[in-house]
Amino acid sequence: MTEFDPAAVPAALSRRAFLTTGLAGTLATGLAVSGLATSGLAFSSLAARAGAPLVGSVQPGALRRRLGKFEVTTVLDGYLDLGPELILGYDPKIGDPLRAAAFASGPSIQGPVNTFLVNTGGKLVLVDAGTSDKMGPTLGHLPKALAAAGVSPDQIDAVLITHMHPDHIYGVLTPAGQPLFPNAELLLPELDRAFWYDDAAMNAAPDLTKGFFLGARQAADAYARRQTLYKAGEEVLPGITAIGLPGHTPGHSGVRIDSDGQSLLIVADLVHVPAVQFARPDWSVAFDVDPAQAAETRKRTLDMAAAEGLLIAGMHLGFPGVGHVAREGDAFRYVAASWPYAY
Ligand SMILES: [Zn+2]
């Protein structure tokens with residue numbers, strides 16, 4: 001039997017603190033009982049038990065954190081490949097080093113499609129709904145992720161849509177075109193509702209986005225009898241306030257969640273490619289209805305978030321999509337929040 005040797009504990013564990021708390025003795029006893037402290041434990045004996053087959057997939061993405069008296073769970077629909085060709089005004093001399101600094105080695109960057117489930121204690125509100133089966137096999141996993149979070153679609157009281165783009169609203173439907181959320185009210189930004197139902201706007205839109213109009217209408221029409229339009233600045237439910245972030249679409253909205261002195265600003269699609277757009281907030285994306293206005297909104301909102309030290313969440317910020325904004329000269333840097341260790 002080998003004696004437990006406290007000197008063998010890595011220095012980083014602080015040997016002194018370890019000894020004074022009495023953990024050393026407890027650990028030594030535990031190790032001896034489990035047999036791990038015996039010198040007879042060889043790697044080969046571990047290898048003999050390593051017969052578990054590979055799972056072959058990643059876990060459904062769902063991560064919960066507490067915000068005041070609320071819980072906010074990121075529910076992952078999947079991911080998109082975002083190439084530099086989607087970024088308007090992309091200059092490789094500036095953008096390529098930014099992508100390299102983010103260790104994005106391929107031609108495109110994988111970015112998530114996050115949704116956020118807010119439990120106020122009285123209501124379950126899903127902010128955006130992902131894609132259903134309409135955008136390929138890397139997406140459409142929201143139902144699985146929701147199940148992993150312990151929630152079934154019929155429990156959801158409201159689905160708040162930040163804007164009516166495919167990766168945000170198509171997921172309110174099942175692949176068969178039925179409402180996925182049988183008991184939910186659909187909350188839509190009034191300005192987006194008007195825009196996506198406007199035939200003149202559809203005819204004037206680039207080919208890239210023409211189909212978005214019909215898709216948005218199909219999704220919204222399925223909830224025609226339980227649909228509420230909201231305006232920027234409106235508290236849509238207690239503690240849940242819509243914030244106008246126009247440009248990406250006319251009604252593109254953030255959602256401010258306030259509970260018991262804590263706040264989170266869901267910025268929706270303020271940023272699509274964090275690796276470059278925090279450093280270059282003036283770079284918009286090809287899907288922006290008004291790229292100049294989107295850039296203005298981005299700069300103003302990131303500026304406010306940095307000044308206030310506000311916790312933000314984004315649909316296309318790396319899962320779980322929650323973090324802070326730091327100022328970096330004239331631009332910004334994204335600092336992902338830590339894992340929510342404590343409830
Ligand atoms: Zn989006």
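User: How many cavities of 30 Å³ or more does the count come to?

Analyst: A cavity is a set of points, on a 1 Å grid over the protein atoms alone, where a 1.4 Å probe fits but cannot get out. Points are joined across faces, edges and corners, and a volume is the space filled by probe spheres set on them. Here the count comes to 3 cavities of 30 Å³ or more. Before we go on: this is a predicted model, so local features need pLDDT of at least 70 and side-chain atom pairs count only at pLDDT 80 or more, while totals for chains, interfaces and linings use all residues. Residues are numbered from 1 along each chain as its sequence is written, and side-chain values use heavy atoms, with hydrogens and water left out.

User: Which residues line the largest cavity?

Analyst: Lining residues have an atom within 4 Å of a point. The largest cavity, about 50 Å³ in volume, is lined by Leu245, Pro246, His248, His252, Asp269, Leu270, Asp288, Ala294, Thr297 and Arg298. That splits into 4 nonpolar, 3 polar and 3 charged residues, where Ala, Val, Leu, Ile, Met, Phe, Trp, Tyr, Cys and Pro count as nonpolar, Asp, Glu, Lys and Arg as charged, and the others, Gly among them, as polar.

User: And what lines the second largest cavity?

Analyst: Leu63, Arg65, Val72, Thr74, Leu264, Pro320 and Val322 do, around about 40 Å³ of space. Strands E1 (62-67) and E2 each give two or more residues to that lining; strands (E, at least two residues) and helices (H or I, at least four) are DSSP runs numbered from the N terminus.

User: What volume does the largest pocket have?

Analyst: A pocket is an open set of points with protein on both sides within 12 Å along at least five of seven lines. The largest pocket has a volume of about 860 Å³. Of its 37 lining residues, Gln110, Gly111, Pro112, Gly318 and Phe319 are closest to the centre. By class, the lining has 23 nonpolar, 11 polar and 3 charged residues. The second largest pocket holds about 200 Å³, and among its 14 lining residues Leu80, Leu82, Met135, Asp167 and Phe287 lie nearest the centre. E2 gives the most to that lining, with 3 residues.

User: Which protein atoms are donors of the zinc ion?

Analyst: Donors are N, O and S atoms within 2.8 Å of the metal (3.2 Å for Na, K and Ca), and water is not among the atoms, so sites may look incomplete. For zinc they are Asp167 (OD), His168 (NE2), Asp269 (OD) and His316 (NE2), at 2.1 to 2.2 Å. In sequence, the spacing is D-H-x100-D-x46-H. The histidines link distant parts of the chain: His168 sits in helix H6 (residues 166-169) and His316 in the loop between strands E12 (312-314) and E13 (322-328), 148 residues apart. Both histidines are buried, meaning under 20% relative accessible area, with exposed over 50% and partly exposed in between (1.4 Å probe, protein chains only).

User: Why is the arrangement around the zinc ion irregular?

Analyst: Four donors are tetrahedral if all angles lie between 85 and 135 degrees; four are square planar and six octahedral if opposite donors are over 155 degrees apart and all others between 65 and 115; anything else is irregular. The 4 donor atoms here subtend angles of 87 to 174°, so the arrangement is irregular.

User: Last one: which strands pair with E6?

Analyst: Strands pair if DSSP finds at least two bridges between them. E5 (residues 158-160) pairs with E6 in the parallel sense over 3 bridges, and 4 bridges join E6 to E7 (residues 227-230), also parallel. Leu160 has Leu187 of E6 as its bridge partner, while Pro189 stands opposite Tyr230 in E7. E6 (residues 185-189) is largely enclosed by the rest of the structure because 4 of its 5 residues are buried.
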